[in-house]
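Colleague: I have a model open on my screen and I'd like to learn how to read it. Can you take me through some features, one by one?

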Amino acid sequence: MTSIRTAAPMILILALASCTSAAVDQVASNPAPVVAVPPISSFPRITDPSPDSLPIEAFLLSSRQEQELLTGQQRLIAQCMAKSGYAYNVPESANAAAAGPFLARRYGVVSHTEVAKFGYHPPSPAGPSSKAVQPVISSQEQLALTGGSAPLQVSPTPGASKQRQPHPGQKALPGGCVGASLRTLLAHGGLMGQPSVAEKINFDSFSASLANRQVVAAFSQWSKCMASDGFSYSNPMDAVADPRWQTAAPSRLEIRTAQADVACKATTNLVGTWFTVESAIQEVLIKRQAAALAAARAGIRSELVIAVAAGTRLR
């Protein structure tokens, strides 16, 4: 039986894209919602928010849950493909995109060690990188896998093993085995991805925090601190977006700027202020959408139960 590498689950990987730092990218296209929160009298000192969590995380898939969903879907696809006479190899660990902490770089750079090496550039993954192997599939396998609705690139390899023919009279399911796996996971209110209502709160809270007076005041203090080191930026987002950093590798100037950025965040407790204010904003938005969020959380639980059961059956 022909062995197929996991190409179809990339559909799911895209659906499960992390929304952590994406909030920053969404601000430009989303106007800040009006969210009034009482002035906060004191703020915890926070230099790195990664160990902490925002309230909305309770309604979003964690990295581990994303991995469980992807693995469960892969195993459902393997079971379906086996019925059509094809082998579908499921790796021990699903090929999900590596995700860092939910709050990684949400408030800009915060790690002295990280910026000393990378500046504002994204940290390079540890260890040697591996290139994805293009699956070798026939048109019949593609039909069984996707129902023909999502063509996959085929890269024939000399000496590839022969495929086993489909069962006589076998017809492709609507959407193929990928579609069948999704229907199974969604059967009892599953969402197959991050709940849109929770994602919107995640984006809106960040956007609203930028207009909060206490956050704006913290930006001002941070900006004055940066100016004392010879750098002129109104807020951390401007520092990150400096066009001079659009290079293959960080320059010495970029590293020095990022180091001053991290130091000024610590001096002014910008992250502690920003995180606390955004948490308060999220609490308000969560109360506004309590019913929808409860339904979304129930859907997540449902699909996770099905995904975990699928993995158990095929081990």
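Modeller: The axes of helix H3 (residues 63-83) and H6 come within 9 Å and cross at roughly 125°. Bear in mind that this is a predicted model, where local features need pLDDT of at least 70 and side-chain atom pairs count only at pLDDT 80 or more, while totals for chains, interfaces and linings use all residues. Residues are numbered from 1 along each chain as its sequence is written, and side-chain values use heavy atoms, with hydrogens and water left out.

Colleague: How do I read an angle and a distance like that?

Modeller: In general, two packed helices are described by the angle between their axes and the distance between the axes. The axes are lines fitted to C-alpha atoms, for helices over the stretch in contact, and the angles run from 0 to 180 degrees between N-to-C directions. Helices are DSSP runs (H or I, at least four residues), as are strands (E, at least two), numbered from the N terminus. Angles under 35 degrees count as roughly parallel, over 145 as roughly antiparallel, 65 to 115 as roughly perpendicular and the rest as oblique. H3 and H6 are therefore oblique to each other.

Colleague: Which residues of H3 and H6 make the contact?

Modeller: Contact means heavy atoms within 4.5 Å. On the H3 side you have Leu 69, Gln 73, Leu 76, Ile 77, Cys 80 and Met 81, and on the H6 side Cys 177, Val 178, Ala 180, Ser 181, Leu 182, Thr 184 and Leu 185. Sorted by type, the residues of this contact of H3 with H6 are ten nonpolar, three polar and no charged. For that sorting, Ala, Val, Leu, Ile, Met, Phe, Trp, Tyr, Cys and Pro count as nonpolar, Asp, Glu, Lys and Arg as charged, and the others, Gly among them, as polar.

Colleague: Is Ser 181 buried or exposed?

Modeller: Buried means under 20% relative accessible area, exposed over 50%, partly exposed in between (1.4 Å probe, protein chains only). Ser 181 has a relative accessible area of 2%, so Ser 181 is buried. Leaving aside neighbours within four places in sequence, Ser 181 touches Gln 73, Leu 76 and Ile 77.

Colleague: What about H5 and H6, at which angle do their axes cross?

Modeller: Roughly 15°, with the axes of H5 (residues 139-146) and H6 (residues 176-185) coming within 2 Å. H5 and H6 are therefore roughly parallel to each other. Leu 143, Ala 144, Leu 145 and Thr 146 in H5 meet Gly 176, Cys 177 and Val 178 in H6. That contact of H5 with H6 has five nonpolar residues, two polar and no charged. Just after H5, Gly 147 takes a positive phi of about 75°.

Colleague: Now the rings. How many aromatic pairs are there?

Modeller: The structure holds four aromatic pairs. The general idea is that a pair of aromatic rings is described by the distance of the centres and the angle of the planes. Rings of Phe, Tyr and Trp (its six-membered ring) pair if their centres lie within 6.5 Å; planes under 30 degrees apart count as stacked, over 60 as edge-to-face and the rest as tilted. Take Tyr 107 and Trp 274: their ring centres are 4.9 Å apart and their planes at 45°, so the pair is tilted. Tyr 107 sits in the loop between strand E2 (87-88) and helix H4 (112-118), Trp 274 in helix H11, 167 residues apart.

Colleague: And which arrangement do Phe 219 and Trp 274 form?

Modeller: Edge-to-face, at 5.0 Å centre to centre with 85° between the planes. Phe 219 lies in helix H8 (residues 213-228) and Trp 274 in helix H11, so this pair ties together parts 55 residues apart in sequence. Phe 219 is buried at a relative accessible area of 7%, and Trp 274 counts as buried at 1%. Tyr 107, Phe 206, Phe 219 and Trp 274 form one aromatic cluster.

Colleague: Where does Val 271 lie?

Modeller: In helix H11 (residues 270-288). Val 271 is buried, with a relative accessible area of 1%. Among the contacts of Val 271, leaving aside neighbours within four places in sequence, are Ile 46, Tyr 107 and Lys 265.

Colleague: And the chain overall?

Modeller: The chain comes to twelve helices and two strands, and of its 315 residues, 43% count as buried.
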